[in-house]
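Hi there,

Here is the structure I promised to pass on. Have a look at it first, and then read my notes below.

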Amino acid sequence: MTTEKTRARHETLDLEEADLKSIYRAMLVARRVDERSWILNRQGKAAFVISCQGQEAAQIGAAYNLRPGHDYLYPYYRDSGMTLLLGQTPRGQFLSLLGKKEDPNSAGRQMPGHFSSRELNIVTSSAPVGVQYPQAAGTALAFKMRGEDGVVMACGGEASTSGGDWHEAMNFSGIHDLPVIFLVENNVYAISVPSKFQVAGSIAKRAEGYGFPGHEVDGNDVLAVYEAAKEAVERARRGDGPTLIEAKTYRMTAHSSDDDDRRYREREEIEAWRLKDPIIRFEKYLFENGLLDEDEKEAMDAEIKAFVAEASDYAENAPFADPEEALDRVYAEV
Amino acid sequence: MAEKNLLQAIHDGLAEEMRSDESVMILGEDVGRAGGVFRVTQGLQEEFGPERVLDTPLAESLIVGSAIGLSVNGMRPVAEIQFADFIPPAFDQIVNEAAKFYYRSNGAWTVPITIRAPYGVVPGGALYHSQSIEAWFCNTPGLKVVAPTFPADAKAMLKSAIRDPNPVLFLEHKRTYRLIKEDVPEDGHEVPLNKARVHREGGDITVVSYGLMLYTALEVAGKLSEELGIETEVVEPRTLYPMDRETILNSVKKTGKLLVISEANITGSVSGEIAAIVSQEAFEWLDAPVIRLGAPDVPAAAFAKPMMDFFVPSAEKIEAAMLELARY
Amino acid sequence: MPQLGESVTEGTITRWLKAEGDEVALDEPLAEVDTDKVNAELPSPFAGTVEKLLVSEGTTVDVGTEIALVAGEESPATEAPPKENTAAEPPTEEFPAAGTEAQPAAGGERQRAVAGTRGSRSGGNGRGTVEDAQTLRLARSSPVVRRLAAEHGVDIREVPGSGVGGRVTKKDIEGHIEQKERAPAGLQEERETFEPPETAASPERLPVHEGDRILDLTPMRRAIAGRMSLSKREAPHAWTMVEADVTGLAALREREKGAFMEREGVKLTYLPFIVRAVVESLKENPILNSVWDGDRIVLRKRINIGVAVDLEEALIVPVIPDADELNVTGLARRIDAVVKRARGSQLSPSDVSGGTFTVNNPGALGSVVSNPIINHPQAAILSAEAVVKRPVVVDDAIAIRSMMNLEVSFDHRILDGGVALRFLNAVKRRLEEYTPESGGS
């Protein structure tokens, strides 16, 4: 009975076994890279870590609908799950974490979590919150003007909806029916401020005011996010306009390696959310549907851990850029 | 070659670029059907359609932010900020985003956008339609800030700005829109974004200025030459950031005396930077203290005309400063 | 008790040199003082009567302690009490007023300094205070001037300044360098040919005795020293003198000077008459309007007359170019203008260059005989002395006449006494021709 129902669920989404394993693997890779990053930080090797833990389902469920290198992604700083899925590598993440010359995002210029890949159409991101939304609208407008079926996914936390840029972009996208998906990963906290002091009413319902659909989904259910994003991406590709997705999830770590979250949230709250860990949930789904067993999982995890460790070692041994390279590439050559 | 004013020259520059490159587009407030509040974009929406000449919502951060997004997806947008005074909401998009994309991605992402903004004192403009905001942007590596004064330069430099792979803030002194007319080449005239222009040569003093003040300085320079034989070398930076230091330094090394005039508040101004460059790089050539002339450190020009006139360096004040330097 | 040296905090009166009731002159020793650094006499900062000795001999007092009262000869210039109060308050000055400023040797200056504070309290004695920009401008030169001076080995102080307040501008020094570099070795423009005194490198110092004062050379003094030495070294000077009876000219000047002042706005002095006579006489004797050029003589066509101007602390010789094209009125105007510029430190380089002959006018200061030094490389210099009434023999009778001595110093390489006297007599003749009725101007 249960099997019948859930099997029907991924099948109705046209996801095959290989897809499900890819999704699971991507979630696990993201988690293991993240965990390894914290170890490097606590060993004094990495100056700063900002985490995706707890948000893997929201990120990978949504991004699994994108065509890397064709569609555009405006990630925010926790979206390592997405960028890994789209083609960035653990090695690249660690090189970025340690600020090495081969860092694919910025060659050691930016903090970790500021993703960029010209080849993958992952647009370089910054630290101020929310600035990516008007940019995403512009990128979507370019697709629309040329009559192309590219879509743009713009991501942020719930606090990124508090500033004007988000509204300006939502409004503009609504006016011109732009092929853009606003993915809000509502992880309850903006550093220390909980969402009840960040968000009035519902984020998802705001889309209605701008004349396009807004969906609230369980952000820890990777298939639910996938489903919502699939619909949104298809709608955008058809030229029918934007969609807002609010994925309700939870930030399982402190804001960053420099933050002590014991000052503002109870341990019990975190433990309660750990039970809803999106990876565990998806594992359970796969186990229940006979798509994965314990041995296979252990093997996959061991293999992931091994190449994550190897990637980490590579990054540790990789050189820094020459200090003088700080002077290069300020302006593009005319 | 036809005689054009600054408005027409910029209009022509836009139109020619749009005709020759389909990725060039315009967006901003009232740029479409209205043709812009100064009529710079008049007729362009009719020719190029409502998407390539796009009326945006009244939201400056969106205008610049979406221009960035357009530019990373193959377009070459020209964003118009209706008055430079309204640019602060877009500050983050210009300074933290557009200007830093290239550097922060280690050269992967370019942002070929042009942001046009009319600046400068105009009668009746008052506090929020008068400001000279260039200094806010002239310590932003990654951004180019240009402020041509004469129509032929403006047209050529606008084309250069549109073709430039970097973000360019293109400042137009609104008082000079209709004030100055000159022959403007139809096409093919090129002015790079890194060269100052020497308007008249002279051995007695160097004046560096731009915008309306340049125009006034040139008139005074002509008068002093005719009446007193004082020969002023007048240099227009044209690009305010990054600036062509060599042309300015070469001139000061020749004359030994420098007056910098702009309409901006004097403290922290571009003039101050020019003065600093010269003091540092041409110290051994200086024969007098470097003098800056600008607006007093009050928020902006007032609405009432007598106060407005008092705010802007007058021809008399400019002449007095030039004489003081010449006689020093 | 004055502060007799740094870190001195006290002093002992070893002996009073004046008793109560004694008169004491300004700067006259008042007491002998012993400190841990010096033994010295204290000169009185005031003239007057010693009214009271406040400290007995052998007593040690702190710096700043009052040691005597001196009744002044007159009320202090600074804060003179109203007349009616003078009887009530004896004009007694406390001595010394304060240890820090009462360096006895500077008593006179102190009075002046105190008086000086009336105008500007902050003025102080000028030492250690920041000068204003205007003053600094005169003393300092801009970076480019300093660089050019260094590159071309020019002493900036020798370059006449045309800038604000007389500062040397870039153009001044460029012009100076250009002239210097263009001029051939033997023939150099007089104004620019300053050679530093030979002693400049490492002068052998004379012994300096107690009380001697050392004056550092001002740029002007240095320039004068160099030029005078050069002239005396280079040119064999010869000298001759004549007397001129200028009674007629004196009467003419007396009659005309009021109207002239009113008409022209400048004083009518003897100088323009003298210059006029010199110019005419130079035309008759062109060898005096020449320069020595190594192995040849260059006769100048233009007659540019240098006029020596006394600036109290220095001498400067502004030039009246083409003086032969001016009449007496024109000369008076031009001389007045150039002298005013000289006194106002506003001479331009052209004002002091190009002279071909120099007229010295010590008579204005009362001199009756002088022996001027030639303004090298010019051929000669004329001195016109004071006009004095003297008994002279006229037609075998003694008459009272207004007499003026005229002298020339000349470079004996260029000319001899005969031509010098012919020139001098021509000048004399012209000056004597004036009568009260002459329409001279």
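Leaving aside neighbours within four places in sequence, which residues is A:Met153 in contact with? They are A:Ala62, A:Ala63, A:Leu66, A:Asp71, A:Leu73, A:Tyr74, A:Ile181 and A:Leu183, where contact means that two C-beta atoms, placed from the backbone, lie within 7 Å.

Before going further: this is a predicted model, in which local features need pLDDT of at least 70 and side-chain atom pairs count only at pLDDT 80 or more, while totals for chains, interfaces and linings use all residues. Residues are numbered from 1 along each chain as its sequence is written, and chains are lettered from A and ligands numbered from 1 in the order in which they are written.

A:Met153 is also among the residues with the most contacts inside the largest nonpolar core, which has 203 residues. Such a core is a set of buried Ala, Val, Leu, Ile, Met, Phe, Trp, Tyr and Cys residues joined through C-beta atoms within 7 Å; buried means 20 or more other C-beta atoms within 10 Å of a residue's own, again placed from the backbone. Helix α9 (residues 222-238) of chain A gives the largest share of this core, ten residues. Another core, of 58 residues, lies apart from it and includes C:Leu249 and C:Leu406.

In chain B you will find an open sheet of seven strands with mixed pairing, in the order β3-β2-β4-β5-β7-β6-β12. Helices (H or I, at least four residues) and strands (E, at least two) are DSSP runs numbered from the N terminus, and two strands pair if DSSP finds at least two bridges between them. Because β3 (53-55) and β12 (239-241) of chain B each have a single partner strand, one side of each is left without a neighbour in the sheet. Strands β2 (residues 24-28) and β4 (residues 76-80) of chain B run parallel and are joined by five bridges; B:Met25, for instance, has B:Pro77 as its bridge partner in β4(B).

Chain C has a mostly covered helix, α7(C), with eleven of its 14 residues buried. Among them are C:Phe273, C:Arg276 and C:Leu282. The buried residues pack against several elements of chain C, including α6 (247-264) and β17 (380-384).

Finally, nine residues of chain B are in contact with nine residues of chain C.

Happy browsing!

Technical notes:
Buried ≥ 20, exposed ≤ 12 C-beta atoms within 10 Å, placed from the backbone.
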